[in-house]
Amino acid sequence: MTSKDAVSHMARALSEAEAAAARGEVPIGAVIVSPDGRILASAGNRTRELNDPTAHAEVLAIRAACAELADERLVGCSLYVTLEPCPMCATAISFARVKRLYYAASDPKGGGIEQGARIFSQPTCHHAPEIYPGLAEADASALLKDFFAARRD
C-alpha cells in the first residue's frame with residue numbers, strides 16, 4: 001500500500017469522525033481495508049445514538065468487516081482510526097487479528113496502545129498489529145478540540 005492510499009483511507013476515517021460529530025457523538029472514525037486495498041467497512045462513534053458503550057468506531061467497523069468477510073478474523077487487514085484506540089478497542093483489534101493499525105491522534109487520557117494499559121505490550125496479548133501513529137494527527141486533534149470546545153461554551 002502506498003502512503004497516498006494510507007492518507008486516503010485516513011481521510012475517509014476523518015469523514016466518519018465528522019459525521020459522528022454532526023450526530024453529537026465524540027468525533028472518532030474508523031475504516032478497515034482488506035489486503036487488496038478494498039474498504040470493507042467504515043464507521044463513526046454511535047455510543048449515544050445506540051445507547052451502547054461498546055459502539056466505538058473501531059468496534060462497529062470490526063463487526064461490519066467481519067460480517068462482510070463472514071469471518072471472525074481480519075487477517076491481513078488494516079485499520080485506520082482517528083484517535084488512539086482505548087483498551088477495549090485495542091483488545092478487539094487484537095482478537096480480530098488486524099495486521100496494521102494506523103491512528104491519527106494520541107490519547108493520553110484514554111488510549112490503550114502507547115498510553116495507559118498498553119494492551120499490545122502485555123504478555124497476555126494474543127496478537128499485536130504493526131502500529132503506525134500520527135497519520136493526519138493535526139486534523140484529528142483539531143476536530144476533537146473543536147468538538148469539546150463547542151460543548152464547553
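**A colleague's note on the protein chain**

1. Let us start with one residue. Glutamine 115 counts as partly exposed because its relative accessible area is 21%. The cut-offs are these: buried means under 20% relative accessible area, exposed means over 50%, and partly exposed lies in between (1.4 Å probe, protein chains only). Glutamine 115 sits in the loop between β4 (100-105) and β5 (130-133). Helices (H or I, at least four residues) and strands (E, at least two) are DSSP runs, numbered from the N terminus.

2. Before going on, a word about what you are looking at. This is a predicted model, in which local features need pLDDT of at least 70, side-chain atom pairs count only at pLDDT 80 or more, and totals for chains, interfaces and linings use all residues. Residues are numbered from 1 along each chain as its sequence is written, and side-chain values use heavy atoms, with hydrogens and water left out.

3. Setting aside residues up to four places away in sequence, glutamine 115 touches Glu84, Ser106, Asp107 and Pro108, where contact means heavy atoms within 4.5 Å. Glutamate 84 is 31 residues from glutamine 115 along the chain, yet their C-alpha atoms are separated by 8.6 Å.

4. Now step back to the whole fold. The protein chain has five helices and five strands. If you walk along the sequence, they come in the pattern α-β-β-α-α-β-α-β-β-α. The C-alpha trace spans about 45 × 30 × 30 Å along its principal axes.

5. How does the radius of gyration of the protein chain agree with that of a compact globule? A compact globule of 153 residues would have a radius of gyration near 15 Å, and the protein chain, at 14 Å, agrees with this. The radius is taken over C-alpha atoms, and the globule rule is 2.2 Å times the number of residues to the power 0.38. Of the 153 residues, 44% are buried. Among contacts between residues at least 6 apart in sequence, 57% join residues at least 24 apart.

6. The chain carries 16 positive and 19 negative charges, and their mean positions are 1 Å apart. Lys and Arg count as positive and Asp and Glu as negative, while His and the chain ends are not counted. Each charge is placed at NZ of Lys, CZ of Arg, CG of Asp or CD of Glu.

7. What about the cysteines? A disulfide is a covalent bond between the sulfur atoms of two cysteines. Here a disulfide is taken as a pair of cysteine sulfur atoms within 2.5 Å, and by this rule the count is zero. Cysteine 77 is in no disulfide, and its nearest cysteine sulfur, in cysteine 66, is 8.4 Å away.

8. Helix α4 (residues 87-96) holds isoleucine 93. Is isoleucine 93 buried or exposed? With a relative accessible area of 0%, isoleucine 93 is buried. Beyond its neighbours within four places in sequence, its contacts include Ile62, Leu79, Pro85 and Phe120. Serine 121 lies 28 residues from isoleucine 93 along the chain, with 13 Å between their C-alpha atoms.

9. Arginine 97, in the loop between α4 and β4, has a positive phi of about 65° although it is not a glycine. Arginine 118, in the loop between β4 and β5, has a positive phi near 45° and is likewise not a glycine. Arginine 97 is partly exposed at 22%, and arginine 118 is partly exposed at 42%.

10. Alanine 117 is in contact with Pro87, among others, and the C-alpha atoms of alanine 117 and proline 87, 30 residues apart along the chain, are separated by 6.4 Å. Serine 3, in helix α1 (residues 3-22), is exposed at 59% relative accessibility. Serine 3 and leucine 135 are 132 residues apart in sequence but 9.8 Å apart in space, C-alpha to C-alpha.
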